[in-house]
Amino acid sequence: MKKKISTIAVISVFSIIILLCVVSIVSQKITEHNEKAEFEKLAEIVTEETTNTDNETETMKKPNLLNVSDFNNEVQAEQPLYYTTYYEPHSISELISMNSECFGWISIAGTNINYPVMHTPSNPQKYLNRNFYGEYSYSGTPFLDARCSADSTNLIIYGHHMNNGTMFADLCNYIDYSYFTEHPTVVIETKNGAFVYSVFSVMKVKSNDDWYKFLTTDLDKTYEKWVSYAKTKSLYNTEITPVYGQQILTLSTCYGYNQDDRILVLAVRN
């Protein structure tokens, strides 16, 4: 009799544990769904109307690919190329009026990455688990590294890798070269205008990788050293090499199952 009662007790305990796990998973999925809807609503509020939204384009100039010789200092520029980048313009002034800690808006056409970017130098990880309005959020909001400013040589932006594909989860797709070719550019909108960045390197690194130390430099040789580092560690050759004077954008998110693994998508401003 005691053995039977013991068995029933064990089954009951396991049943309760399983039930709690199911409730937790369902609750998390509902939370992620609601937070995704909140960002979509915010995007609708601040998306600017255009006269021809179906064909809204911005023709941007590709960076000149320069070959710098270490022997004779000769610089030879190739013929500039042109291409079209699609993006929906957002009212950054309206975003800033809603929250002064907003740095701008980031988007990659054809992906789920379409979010405001926050910046809080005095509180570096404030938006790690807060939404645009400063309320608690499981998904958080993409944010610019507190050490950076709009004029930094390397803008580092962090975002969570959410299981439902939101935030910066799509960055992990860049491990495939074909995905890069289909999504080669990133658009950053700030109070100073809209800027297009071309992806030039995709790296798998640890959270303490040296690249996170690269913020600003006034030396061309230092810049070239860091670019060489990024190109060498890249998963594939994009055939794009930044030249001194061009701003770099770094997008960072978690990758894989190890807590310290990161995927970095690096792009250069055109």
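This note reviews a predicted model of one protein chain.

1. Basis. Local features require pLDDT of at least 70 and side-chain atom pairs pLDDT 80 or more, while totals for chains, interfaces and linings use all residues. Numbering runs from 1 along each chain as its sequence is written, and side-chain values use heavy atoms, without hydrogens and water.

2. Confidence. The average pLDDT (the predictor's confidence in each residue, from 0 to 100) is 83 for the chain, and 74% of the residues score at least 70. Over residues 51-81 the pLDDT stays under 50. Where pLDDT is low, the predicted coordinates should not be read in detail.

3. Burial. Of the 270 residues, 43% count as buried; buried means under 20% relative accessible area, exposed over 50%, and partly exposed in between, with a 1.4 Å probe and protein chains only.

4. An edge-to-face pair. The whole structure holds 14 aromatic pairs, that is, rings of Phe, Tyr and Trp (its six-membered ring) with centres within 6.5 Å; planes under 30 degrees apart count as stacked, over 60 as edge-to-face and the rest as tilted. One of them joins Tyr-174 and Tyr-179 edge-to-face, at 5.0 Å centre to centre and 85 degrees between the planes. Tyr-174 is buried at 0% relative accessibility, and Tyr-179 is buried at 13%.

5. A stacked pair. Phe-214 and Trp-226 are stacked, with 5.2 Å centre to centre and 5 degrees between the planes. Phe-214 is buried at 2% relative accessibility, as is Trp-226 at 12%.

Note on methods. Contact means heavy atoms within 4.5 Å.
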